Amino acid sequence: MRPGPAPLTDTERSAAEALAPVALTAAEPEPALPEPETVPVYLADAGDHDGLLDGFLDMHGDFERWRTWSDETTHAIHESQTLRIERVHETQARETAWTIAAYETPVSDRMWVLTATGATPAPVLQELLNHLADGDGWDTAIAVPVDEKTVTAVTQPLSDAGWKHTVDGRWIRWTSPAEDAGVRFDAFTAQHPSQNLATWTIWAGPDPDRPTWAITASPHTPSSLMSDLSETLAHETGLRRPQTAGTGRGTSLVTSLPAIPAVAAGPAASRSR
């Protein structure tokens, strides 16, 4: 005889084990995302373009947000109504996502226009917006043609950084040492400044006709703005997160870009901050 309950029989022990709660297996943690790497600025990630615009408007009260009949597009218009930024929110990487245009007066034709595609790296766009905020060179002299002196001044940062300079008929190019980015000047369209044709092309990728991203600018785009962009391409860096299997940029198709109105929308348009 011994005190206490009788030991469990084999049958009782098996029944107790079957009724015991099953221990939950801890869920495996998600694999850590790879750390971003520092790369030349023209290879950096596109980042959050909408966030860039929101931050720009929050910091610069002389620009006002205007929404049109469609939520797909936002306009940021300077208080003078002579500088306007159009942002299309959902675009393919190679489609035009930004259109920036300057006017001599609120009701005049464009003096110059610049576009940027959806995959344009965030640091490049940030430099562009910073320049616009400084208010330098909007009233560029539209009667003055783009000459050799202007082209040399714009591209001097690229030449100083060892970018390759080539001439091919109407095209003058400056290509990065790794040949994965460049700036192209079209001498032919520069002679037709009234048409606001793409005279400058900044790109990254195989070539300017098959770019990963691109910025285009008309002849009278301020040389100080183009020079700032050249300086950024030549010397700045950005962050790029290595792509893992099954990941990539999500994009969607949209309708073609609506034209920016000559005058800001009237009372019928909604305004929001």
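Helices (H or I, at least four residues) and strands (E, at least two) are DSSP runs, numbered from the N terminus. The model is predicted: local features need pLDDT of at least 70, side-chain atom pairs count only at pLDDT 80 or more, and totals for chains, interfaces and linings use all residues. Residues are numbered from 1 along each chain as its sequence is written, and side-chain values use heavy atoms, with hydrogens and water left out.

**View 1. T199 in the loop between α5 and β10.** The loop runs between α5 (187-190) and β10 (200-204). T199 is buried (under 20% relative accessible area; exposed is over 50%, partly exposed in between; 1.4 Å probe, protein chains only), with a value of 1%. Contact means heavy atoms within 4.5 Å. Not counting residues up to four places away in sequence, T199 touches R184, F185, D186, T189, A190, A217, S218 and P219.

**View 2. Packing of α2 against α3.** Helix α2 (residues 49-59) and helix α3 (residues 122-134) pack at about 20°, axes 11 Å apart. Axes are lines fitted to C-alpha atoms, for helices over the stretch in contact; angles run from 0 to 180 degrees between N-to-C directions. The pair is therefore roughly parallel (angles under 35 degrees). On the α2 side, H49, L52 and F56 make the contact; α3 supplies A122, L125, Q126, L129 and A133.

**View 3. L233 in the largest nonpolar core.** A nonpolar core is a set of buried Ala, Val, Leu, Ile, Met, Phe, Trp, Tyr and Cys residues joined through side-chain atoms within 4.5 Å. Helix α3 gives the most, six residues. Leaving aside neighbours within four places in sequence, L233 contacts V41, Y42, L158, W163, V183, I202 and W213.

Conventions
Angles under 35 degrees count as roughly parallel, over 145 as roughly antiparallel, 65 to 115 as roughly perpendicular and the rest as oblique.
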